[in-house]
Structure formats: structure tokens, C-alpha cells
Amino acid sequence: GQLLVSTAPLPLVLKQLDIAPPIEFPRAPIRVTRWKVPGADVFQTVYFPERYLSVYRASITADTLIAESIAELDETDYQEIERAFGIHIDESDELESVEQKYGKIAPIDDAVRKQLLFLLTHDHNVYSLGRFATWRNILLDDVVDDITTIKKLLKANNAYDVRRAAA
């Protein structure tokens, strides 16, 4: 049959396939705001652990400043970001400010998570790839491992199909 490699959030894939999950998928939205920083060519990230701030991480990648926050940025957030990078943020340089509904995900029971992923792969030929599709907080390096795992599963399934067809 046809197979699908999915990066869509696990609860959305389950819903599309009319599978009622036995658990909730805890998550929280984040806001991502981007600005151009004229003349910058920097690769730097600053974390903001202070509870009174909405911003928790900001990065400059080349000439783009990206701030991640739990709510709309206020004057205090702007001041802290400017202080951390030694720059002035001009509102006219804002590129976008968007909410990401699946910004922060919380872990779920690992046995249930694996059971759901097995069900998707085994019964629906859906191979889940990435943080939201596998519902775990991972690094980009882990995604490379996931690709290797998917390749192994596909090889094993193809070998099984060939043996079954020959029988």
C-alpha cells in the first residue's frame, strides 16, 4: 500500500484517521516575532529565564532577530532584548509576529506514545518524523536518527512483502 511520512502533530493525525487517543496531549502556544536587523551578520542566542518577561529566547541569525515568547511582547520585553544584543529594535523592521499553536509540548506517557506510533505505522502506513509527529521534545540530531529508523522499518517491511509474495 501507499505510505506517508508525516511531520504533522500526532493528535491531528490521529483525529484525521478517526482514532480516539486514550490520553490528552498537553501543549501551549507560543508567539514568534521576527525583525530585520540592518547591517547585522551574527549568529547568537540569548535565553531570558526571568519570570516577569514574556520572551524566553531570542536569536539573531544573520540579519534576522527572532524572539520566542509566551505572549505578546511588551515594553519590558523589548528593552531586555535590546539590552541583551546591544541593538535598538525599530518597529518598522518587524517582518511578522505569529502564534504557533503547538509551540511548547509536554511529555506524555512513553508507552502510550510508542503504542500510538506503532498503530499509525503498522495499521495505516504512516511513518512519524520530528518533534510534533512523535510528540517528544527532541533536537534536530534526533530527527536524523528518526530518518534512519524509518529507513530500517521500510526495508524490513519490503523484505516481508517480498517473502510473503514469494510464498
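Predicted model: local features only at pLDDT ≥ 70, side-chain atom pairs only at ≥ 80, totals over all residues.
**Entry 1: salt bridge count**

I began with the pairing of charges. Side chains of opposite charge can pair when their charged atoms come close. I took a pair as a salt bridge when a side-chain nitrogen of Lys or Arg was within 4 Å of a carboxyl oxygen of Asp or Glu. I got eight salt bridges by this rule. I then looked up some of the pairs one by one.

**Entry 2: Asp-63 and Lys-36**

I found 3.0 Å between the closest N and O atoms of Asp-63 and Lys-36, which form a salt bridge. I placed Asp-63 in the loop between β4 (55-62) and β5 (64-69), and Lys-36 in strand β2 (residues 27-36). The two residues are 27 residues apart, and the pair links distant parts of the chain. I also looked up the accessibility of both partners. Asp-63 has 28% relative accessibility and counts as partly exposed. Lys-36, at 34%, counts as partly exposed.

**Entry 3: Glu-68 and Arg-57**

I noted a salt bridge between Glu-68 and Arg-57, with the closest N and O atoms 2.8 Å apart. Glu-68 belongs to strand β5 and Arg-57 to strand β4, so this pair ties together parts that are eleven residues apart in sequence. Is Glu-68 buried or exposed? I read a relative accessible area of 16% for Glu-68, so it is buried, because the cut-off for buried is under 20%. Arg-57 is partly exposed, with a relative accessible area of 24%.

**Entry 4**

I turned to helix α3 (residues 110-124), where both Asp-110 and Lys-114 lie. Their side chains meet in a salt bridge at 3.3 Å, N to O. The spacing is four residues, about one turn of the helix. I noted Asp-110 as partly exposed, its relative accessible area being 38%. Lys-114 is also partly exposed, with 48%.

**Entry 5: a negative patch**

On the surface, I found a patch of negative charge where Asp-74, Glu-75, Asp-90, Glu-91 and Glu-94 gather. I followed up one of these residues, Asp-74. Where does Asp-74 lie? I placed Asp-74 in the loop between β5 and α2 (75-85). Asp-74 counts as partly exposed because its relative accessibility is 38%, and the patch rule asks for over 30% and no salt bridge.

Notes: Residues numbered from 1 in each chain as written. Heavy atoms only, no water. Buried < 20%, exposed > 50% of the residue type's maximum accessible area, 1.4 Å probe, protein only. Patch = residues over 30% accessible without salt bridge, like charges linked within 9 Å, V, L, I, M, F, W, Y side chains within 5 Å. Areas by Shrake-Rupley, 256 points an atom, 1.4 Å probe, with all protein chains shown as cover. Lys, Arg positive; Asp, Glu negative; His and termini not counted. Charge placed at Lys NZ, Arg CZ, Asp CG, Glu CD.
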